[in-house]
Amino acid sequence: MRRVVLTVALLFVAAGCMFSQSGAAGKFAGYWNGVLSVGGQQIKMEFGIQERGESIVGTMAAQGQKGIPVDVTVKGDSLCLQVKPLNMTYAGVKFGANVMGTFSQNGFTTAMMLFPGKIQRIRPQAPKAPYPYIAEDIIFSNETEGSQLAGTITYPVGYENMNPAEVPVVVMVTGSGLQNRDEEVFDHKPFAVIADWLARNGIASLRYDDRGAGKSTGPLEAATSKNYAADASAAVEYVRGLKKFGKVGILGHSEGGTIALMLAGEDIPDYIISMAGVATQGVECIVWQNVALLEQQGVPEQMRNDYGKALRGIYAQRVKNGGPVADAQKFVQQMCSSEGLKLPPQFVANLVSVASLESPWIDFFVAYDPAETIVEIKCPVMAVNGTLDMQVPVENIQVLETLLPPNAKNMIKEFSGKNHLFQNCTKGNSLQYEEIEETISRDVLEDISNWIKGL
């Protein structure tokens, strides 16, 4: 989702283009899709190729990201697609209706076929018009930080006949990374599905585009969870100021769940729902998820444990520095040598990238420990995690339960067989959000609405 905090990148493969002449898109105009096999995972990729005047414009969609610019070169039956920031290139030749080609990187090469057309995804839970409720587009401000945030208020079915003071409302806060108001990822729209469910169960909601996403604006440079929390606080203040609802709560997913905990500790919402919000110091979560991903990819135990130790060392140095590690290459090599860490070159290269990355967001995340905030929470808390979550370990919820002050209205629950998006899954496909048609499990939705109505 934005919001996956993974430092181990999947290897995109690339093949060198042996031609450089540009030409009209011709027979390659339109959409193409294919499946890339990397590290035991199947990654669906989609390319769009269009003519714009005398030039060719290309875009790529992969792993939940859309609109990635692609340099396109066509010569006769040959096609070359390059994404320079990812050091990625695809070279192929038209073969019947399809394109046969290769991806490679750092000596690794694999074949990949492209088929005409867009990737077709089935999303049965996506709300479809006409809706039995009113949805109103609005704009509110975080004046302190200069954000203009665009969102949608969804009123419950039959709102016009309800007592506004008895209608609860939920402000939704997305996870990490720039996301629109629907928290859209892999063509899933979790927040749209949740808003629809709540409206059909007597509960209003406000969901909004992150600053810099969709129709929202605001400063992004050096923005951290603290800044996004300020936007969420402004959303709560805005909803209260409308005087159209009763209790105002926050529902946050992933980083948004941590933000919900932050603001609850400051007595801002009347209640919160933390969906896989991190309750431990950020470094604990990010190391765990990287080691877990390596295990799922079949990396030997010693190697993944060494990688985890190296990450801890890098983040400890980043926290000490307040930013990137100076001479990252030298630091990583000396650390691996002194600690006896045995890692292949590509792992070392990845660690160097982690050490040298300019990212105020990651520096805040790895250093932040929500414990001091959690122990101050007075409002009711619903906190949920999936047992097959590969991004925030289910043990996280046990830490939260230990830290929270007693409250008879709290609901702390592990959902068996659910991943980070709270989709039903198995261990083998817990990260394959795109392949799972379900956006969010119905039993999770039922628990959310029932808990809110019971407050």
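This is a predicted model: local features need pLDDT of at least 70, side-chain atom pairs count only at pLDDT 80 or more; totals for chains, interfaces and linings use all residues.
User: At what angle do helix 2 and helix 3 pack, and how far apart are their axes?

Analyst: Helix 2, residues 225–242, packs against helix 3, residues 255–265, at an angle of about 70°, and their axes are 10 Å apart. Because angles of 65 to 115 degrees count as roughly perpendicular, helix 2 and helix 3 are roughly perpendicular to each other.

User: Is that crossing left-handed or right-handed?

Analyst: The crossing of helix 2 and helix 3 is right-handed.

User: Which residues meet there?

Analyst: On the side of helix 2, the residues are Ser 225, Tyr 228, Ala 229, Ala 232 and Ser 233. They meet Glu 255, Ile 259, Met 262 and Leu 263 of helix 3. By class, this contact comprises six nonpolar residues, two polar and one charged.

User: Now helix 5 and helix 8: at what angle do they cross?

Analyst: Helix 5 (residues 301–321) and helix 8 (residues 360–367) cross at roughly 105°, with axes that come within 10 Å. Helix 5 is therefore roughly perpendicular to helix 8.

User: What residues make up that contact?

Analyst: Tyr 315, Arg 318 and Val 319 of helix 5 meet Ile 362, Asp 363, Val 366 and Ala 367 of helix 8. Five of the contact residues are nonpolar, none is polar and two are charged.

User: Turning to helix 11, which of its residues are buried?

Analyst: In helix 11, Val 444, Leu 445, Asp 447, Ile 448, Ser 449, Trp 451 and Ile 452 are buried.

User: What do those buried residues pack against?

Analyst: The buried residues of helix 11 pack against several elements, including helix 1 (190–199), strand 11 (169–173) and strand 16 (411–415).

Notes:
Residues are numbered from 1 along each chain as its sequence is written. Side-chain values use heavy atoms; hydrogens and water are left out. Axes are lines fitted to C-alpha atoms, for helices over the stretch in contact, and angles run from 0 to 180 degrees between N-to-C directions. Helices (H or I, at least four residues) and strands (E, at least two) are DSSP runs, numbered from the N terminus. Angles under 35 degrees count as roughly parallel, over 145 as roughly antiparallel, 65 to 115 as roughly perpendicular and the rest as oblique. A crossing is left-handed if the near helix is turned anticlockwise from the far one by less than a right angle, and right-handed if clockwise. Contact means heavy atoms within 4.5 Å. Ala, Val, Leu, Ile, Met, Phe, Trp, Tyr, Cys and Pro count as nonpolar, Asp, Glu, Lys and Arg as charged, and the others, Gly among them, as polar. Buried means under 20% relative accessible area, exposed over 50%, partly exposed in between (1.4 Å probe, protein chains only).
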